[in-house]
Amino acid sequence: MASIARDKNGTRRIQFVAPDGKRPTIRLGKVSQRMAESVKFRVEQLLAAKLTGYAIDADTARWISDLEPELAEKLSRVGLIAKPEIKEEVLLESFLKNYLEGRVDLKPATKIVKGQVIRDLTEFFGKSRELRTITPGNADDFKQWLIGRELAPTTIHKRLQEARSFFRAMLRRKLIDENPFDGVNAKATGVKDRQRFVTREEIAKVLEACPDHHWRMIVALSRFGGLRCPSEVLSLRWQDVNWETGRIVVTSPKTEHHAGKECREIPLFPELRSALEESFDLAPEGAEYVVDDRFRNSAMGPAGWMNANLRTTFLKIVKKAGLSPWPRIFQNLRASRETELIGQFPVQVVTSWLGNTPSVALGHYLMTTDEHFQAALGDTAKAAQNAAQQVRVLGSMESQAEVTAHEKTPVLPGFAACCDSMQQTKVAGTGFEPATSRL
């Protein structure tokens, strides 16, 4: 049905008899006889399908889809296949930037993080790199490039994860045929390696080293309330504290974009009550937030919450207390509180208070402490002592045996429902100290 001819200059061509009786020629150029035989076989398959009216087999269909544009064009000219679609050339930087701008579901701070990965991809591959030219081998090289920059293992892990996500979006839009970053991974530093239970004795020293009641409030809300710092700590308003019912509404900027996760309620723990009473006594009329506005203004960047301003000062406070700073300086305060609470209350209760899930708590928060070993060894006296300490307030956080209504607490017409504001409250105005750019 088809034959191979070799010209004097070494080029090869394939001739065949078309259904209309003509003898078209497909010029292959200087290729090996084996290559020419392979193309001849496919030509005969395509010609047989045309003569019989049957569809081509799956193997031949895959061969066509993988054809080089030049050969595909030649087969199209002789009527064996349809004219190949001209695939639009999409450049790396333009796609990534447009894609990120279109993600209206992302917070500004999240876009900044993803923008760092875009910066790395365009620096390595080039801004004008066509998407389809990036291969799995290139993705492997990108991983080695990140390693060569001596980035932290967790950073490399997250950037490769983001890169896979970007190219998955390209694949879903049919801009590429495969995701070159599939299977390109880097082991992250385990969360367990960075966990550290911060004891109450240590926090008592930290509280004594705090320069003022604002910092004591920040530490107490993080360690004894389990609030995320800075976003939840600095978002707490006086109207969110219900002294009579013993509950606090915690607004959660991190999870507010999830339905039903914009806020939660936690108990007014005894350790928190004493700290809140101190701050309430010292707060001037018109104060809206529990922690001074200057902290909120300093921790709020153009793209959202930042840890940098609070972290720098808090590290100095920890060192002043005679302690070595622990990893994840604020997160481990929250994790320590969740570890304590999980020994006293059911997991679904604790995670509802802390605003996470049992699986997240188990993988990222809960820790094994010395008290667990003491209890397992039957040291009942020591275990009982430690259990008693769970409800004590140490140092300046010491609370009364019986908590009475705070003398400065106003009689409120009601309590702010979760994520709602009260029409009448103690507070008014915008704060009492000028905003500062740094702490």
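**Figure 1. Overview of the predicted model.** Here a residue is called buried when its relative accessible area is under 20%, exposed when the value is over 50%, and partly exposed in between (1.4 Å probe, protein chains only). The structure is a predicted model, in which local features need a pLDDT of at least 70 and side-chain atom pairs count only at pLDDT 80 or more, while totals for chains, interfaces and linings use all residues. Residues are numbered from 1 along each chain as its sequence is written, and side-chain values use heavy atoms, with hydrogens and water left out. The protein has 17 helices and eight strands; these are DSSP runs numbered from the N terminus, with helices (H or I) of at least four residues and strands (E) of at least two. Of the 439 residues in the protein, 45% are buried. The accessible surface comes to about 23,700 Å², and 52% of it belongs to carbon and sulfur atoms; such areas come from the Shrake-Rupley method with a 1.4 Å probe, and for residues only the protein chains shown count as cover.

**Figure 2. Confidence along the chain.** The predictor's confidence in each residue is given by pLDDT, on a scale from 0 to 100. Its average over the protein is 83, and 83% of the residues score at least 70. Confidence is highest in helix H8, at a mean of 96, and lowest in helix H17 (residues 380–389), at a mean of 53. Over residues 409–415 the pLDDT is below 50, and this stretch has 17 contacts in the model beyond near neighbours in sequence, a contact being heavy atoms within 4.5 Å. Residues 421–439 also stay under 50, and the model gives them 49 contacts beyond four places in sequence.

**Figure 3. The largest nonpolar core.** A nonpolar core is a set of buried Ala, Val, Leu, Ile, Met, Phe, Trp, Tyr and Cys residues joined through side-chain atoms within 4.5 Å. The largest one has 50 residues, of which Val206, Ile218, Ile248, Leu272, Leu276, Phe314 and Trp326 touch the most other members. Among the elements that give two or more residues to this core are helix H8 (200–209), strand E5 (247–251), helix H10 (270–282) and helix H12 (308–320), and the largest share, six residues, comes from H9. Leaving aside residues up to four places away in sequence, Val206 touches Val219, Phe314, Ile317, Val318, Ala321, Leu323 and Trp326. A second, separate core holds 27 residues, including Phe95, Leu100, Phe142 and Leu160.

**Figure 4. Salt bridges within and between elements.** Side chains of opposite charge can pair when their charged atoms come close. A salt bridge is counted here when a side-chain nitrogen of Lys or Arg lies within 4 Å of a carboxyl oxygen of Asp or Glu, and the count comes to 27. Lys97 and Glu93 form one of them, with their closest N and O atoms 3.3 Å apart; because the two are four residues apart in helix H4 (residues 92–101), they are separated by about one helical turn. Lys97 is partly exposed, at 44% relative accessibility, whereas Glu93 is buried, at 18%. Asp212 and Arg294 meet in another salt bridge, at 3.6 Å from N to O, and since Asp212 lies in the loop between H8 and H9 and Arg294 in helix H11, this pair ties together parts that are 82 residues apart in sequence. Both Asp212 and Arg294 are buried. In the pair of Arg237 and Asp240 the closest N and O atoms are 2.8 Å apart, and here too Arg237 and Asp240 are buried. A network of salt bridges links Arg200, Arg223, Glu271, Arg337 and Glu340.

**Figure 5. Aromatic pairs.** A pair of aromatic rings is described by the distance of the centres and the angle of the planes. Rings of Phe, Tyr and Trp (its six-membered ring) pair if their centres lie within 6.5 Å, and planes under 30 degrees apart count as stacked, over 60 as edge-to-face and the rest as tilted. The structure holds 17 such pairs. In one of them the rings of Phe142 and Phe181 have centres 5.8 Å apart and planes at 85°, so the pair is edge-to-face. Phe142 lies in helix H6 (residues 136–148) and Phe181 in the loop between helix H7 (153–172) and H8, so the pair ties together parts that are 39 residues apart in sequence. Both Phe142 and Phe181 are buried. Phe314 and Trp326 form an edge-to-face pair, at 6.3 Å centre to centre and 75° between the planes; Phe314 lies in helix H12 and Trp326 in the loop between H12 and H13, so this pair ties together parts that are twelve residues apart in sequence.
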